[in-house]
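Reader: I have a new model open and would like to learn how to read it feature by feature. Could we begin with the core?

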Amino acid sequence: MIQYVRQSRKRDSTIPLINVVFLMLIFFLIAGTLAPPLDPELNLVDTSELEGRDPPDALVLNENGVLSFRGIQTDPGSFIASHGENPVRIVPDRNVSGRRLMEVTGALRRQGAPSVFLVTEQALE
C-alpha cells in the first residue's frame, strides 16, 4: 500500500505588506500637511488670456544653422559686440542639429555672454 503524504505549505501572510503600506500612507499624510497653506484670501493672477509670442530680443537659429537677429543674419561675435554683456536668448528651430546648437552657444559664451537661454515651445505657451 502506497501512502501519500501531503505536505502543508506555510502561506505567505499579507499582513506585513498591509502594515508597511499603511505606515507609508500615514507618513505621506503627515509630511504633506507640514507645508503652510496659502492665505485663503489670496487671489492668484490669471495668465490664461495672455498672448504668447517669441521674445523680440532673441536670436533665431534656423534649420540650416544660420543665426539671425530680428531677421538680419549675424554671427555670435558681432551679436555680442553690439548687444553688450546681457543674457542671450536663442530660439532654435526644431530641426536644427544639436551639434550646431552647441557650436553657437559655445561661441556666444566664448565671446562674453554671461548666460545663454534656450527658448522652447513650452516656454512660449
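Author: Gladly! Of the 13 residues in the largest nonpolar core, those that touch the most other members are Leu59, Leu61, Phe79, Val88, Ile90 and Leu108. Please keep in mind that this is a predicted model.

Reader: What is the general idea behind looking for such a core?

Author: In soluble globular proteins, nonpolar side chains tend to be buried together. As for where the members come from here, at least two residues each are supplied by strand E1 (59-61), strand E2 (67-69), helix H2 (76-83), strand E4 (88-92) and helix H3 (98-110). H3 gives the largest share of this core, three residues.

Reader: Which residues is Leu59 in contact with, leaving aside its neighbours within four places in sequence?

Author: With those neighbours set aside, Leu59 contacts Leu67, Ser68, Phe69, Thr74, Phe79, Val88, Arg89, Ile90, Val91 and Leu108.

Reader: Let me step back to the whole chain. How many helices and strands are there in the protein chain?

Author: The protein chain has four helices and five strands, and along the sequence they follow the pattern α-β-β-β-α-β-α-β-α. Of its 125 residues, 18% are buried. The exposed surface comes to about 11,000 Å², with 56% of it supplied by carbon and sulfur atoms.

Reader: And what share of the contacts with a separation of 6 or more joins residues 24 or more positions apart?

Author: Such pairs account for 62% of those contacts in the protein chain.

Reader: Now the helices. How should I describe a packed pair?

Author: Two packed helices are described by the angle between their axes and the distance between the axes. In this model, H2 and H3 pack at an angle of about 40°, and their axes are 9 Å apart. That angle makes H2 oblique to H3. The crossing of H2 past H3 is right-handed.

Reader: Which residues in H2 and H3 meet?

Author: Pro76, Phe79 and Ile80 in H2 meet Val104, Ala107 and Leu108 in H3. Phe79 and Leu108 are also among the core residues that touch the most other members.

Reader: While we are in H3, is Thr105 buried or exposed?

Author: Thr105, which sits in helix H3, is buried because its relative accessible area, 14%, is under the 20% cut-off. Apart from neighbours within four places in sequence, Thr105 contacts Ile90 and Val116.

Reader: Let's turn to the loops. How do I read backbone phi angles there?

Author: Most residues other than glycine have a negative phi, and most peptide bonds are trans. Arg70 is not a glycine, yet it has a positive phi of about 55°. Look for Arg70 in the loop between E2 and strand E3 (72-73). With a relative accessible area of 59%, Arg70 is exposed.

Reader: Where does Asn62 lie, and what is it in contact with beyond its neighbours within four places in sequence?

Author: Asn62 is in the loop between E1 and E2, and its relative accessible area of 30% makes it partly exposed. Leaving aside those sequence neighbours, Asn62 contacts Ser68, Asp93 and Val96. Another pair to find on your screen is Asn62 and Arg94: they are 32 residues apart along the chain, and 8.7 Å separates their C-alpha atoms.

Methods
Residues numbered from 1 in each chain as written. Predicted model: local features only at pLDDT ≥ 70, side-chain atom pairs only at ≥ 80, totals over all residues. Heavy atoms only, no water. Core = buried A, V, L, I, M, F, W, Y, C linked by side-chain atoms within 4.5 Å. Buried < 20%, exposed > 50% of the residue type's maximum accessible area, 1.4 Å probe, protein only. Contact = heavy atoms within 4.5 Å. Areas by Shrake-Rupley, 256 points an atom, 1.4 Å probe, with all protein chains shown as cover. Axes fitted to C-alpha atoms, helices over the stretch in contact; angles between N-to-C directions. Parallel < 35°, antiparallel > 145°, perpendicular 65-115°, else oblique. Left-handed = near helix turned anticlockwise from the far one by under 90°.
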